[in-house]
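Subject: Structure handover

Hello,

Here is the structure for you to look over. My notes on it follow below.

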Amino acid sequence: ITAIEASAIPDIVAISGNDSVVWICDLLHDCKLFSFSCGIPITCMSFYNDQFESSKDFLVTGTSIGEICIWSLERQDLMFRFLAHQGPVVSVLCVR
């Protein structure tokens, strides 16, 4: 495991390994809900959960080559991808 992040939604976590796949899992029901991959190892993650509108729920991931990806949790796909800097992204944080 290269990164793990708990959601504000109880029992939901994101987990990633060297294979560059992010799994969204439900720990209470012991199941994988869905996954996505950016093709580059993930080094860090942060959830953004909108308490009023689920279409605005995102997962932000940082990669080993300096990219940041923003994923739609509702559509389960990549929304934005950009190069933040050279070298690995060591931390991302979503705040309200």
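Strands β3 and β4 form a hairpin with 4 residues between them. Asp-30, in that turn, has a positive phi of about 50°. Strands here are DSSP runs of E, at least two residues long, numbered from the N terminus. The two strands run antiparallel and are joined by 6 bridges. Strands count as paired if DSSP finds at least two bridges between them. Val-22 stands opposite Phe-36 in β4.

This is a predicted model: local features need pLDDT of at least 70, side-chain atom pairs count only at pLDDT 80 or more, and totals for chains, interfaces and linings use all residues. Residues are numbered from 1 along each chain as its sequence is written, and side-chain values use heavy atoms, with hydrogens and water left out.

**More on β3**

β3 also pairs with β2, antiparallel, through 5 bridges. The bridge partner of Val-13 in β3 is Cys-25. The β2 and β3 hairpin has 4 residues between its strands, and Ser-20 takes a positive phi near 70° there. β3 is largely enclosed by the rest of the structure, because 5 of its 6 residues are buried. Buried means under 20% relative accessible area, exposed over 50%, and partly exposed in between (1.4 Å probe, protein chains only).

β6 runs antiparallel to β5, with 6 bridges. Phe-47 stands opposite Leu-59 in this pairing. β6 also runs antiparallel to β7, with 5 bridges. There, Phe-58 stands opposite Ser-72. The hairpin of β6 and β7 has 3 residues between the strands. Gly-66 in this hairpin takes a positive phi near 95°.

**Nonpolar cores**

Nonpolar side chains tend to be buried together in soluble globular proteins. A nonpolar core is a set of buried Ala, Val, Leu, Ile, Met, Phe, Trp, Tyr and Cys residues joined through side-chain atoms within 4.5 Å. The largest one here has 16 residues. Those with the most contacts inside it are Ala-14, Val-22, Ile-24, Phe-36, Met-45, Leu-59 and Leu-73. β2 (12-16), β3 (21-26), β4, β5 (42-48) and β7 each supply at least two residues of this core. β5 gives the most, with 3 residues.

What does Met-45 touch, leaving aside its neighbours within four places in sequence? Its contacts (heavy atoms within 4.5 Å) include Ala-3, Ile-4, Ala-14, Val-22, Leu-59 and Val-92. A second, separate core has 5 residues, among them Val-60, Ile-68, Val-89 and Val-92.

**Aromatic pairs**

The whole structure has 3 aromatic pairs. Phe-34 and Phe-36 make a tilted pair, with ring centres 6.1 Å apart and planes at 40°. Phe-36 and Trp-71 are stacked, at 4.1 Å centre to centre and 15° between the planes. That pair links distant parts of the chain: Phe-36 is in β4 (residues 31-37), Trp-71 is in β7 (residues 67-72), and they are 35 residues apart. For the terms: rings of Phe, Tyr and Trp (its six-membered ring) pair if their centres lie within 6.5 Å; planes under 30 degrees apart count as stacked, over 60 as edge-to-face and the rest as tilted.

Ring pairs link Phe-34, Phe-36 and Trp-71 into a cluster. Phe-34 and Phe-36 are buried, and so is Trp-71.

Lys-32 lies over the face of Trp-23, at 4.4 Å from the ring centre. The test is NZ of Lys or CZ of Arg within 6 Å of the ring centre and within 35 degrees of the ring normal.

**Cysteines**

How many disulfides does the structure hold? It holds 0, where a disulfide is a pair of cysteine sulfur atoms within 2.5 Å. The sulfur of Cys-38 is 4.5 Å from the closest cysteine sulfur, in Cys-69, so it is too far for a bond. Cys-38 is buried, with a relative accessible area of 8%. The sulfur of Cys-94 is 10 Å from the closest cysteine sulfur, in Cys-44, again too far for a bond. Cys-94 is partly exposed, at 23% relative accessible area.

Best regards
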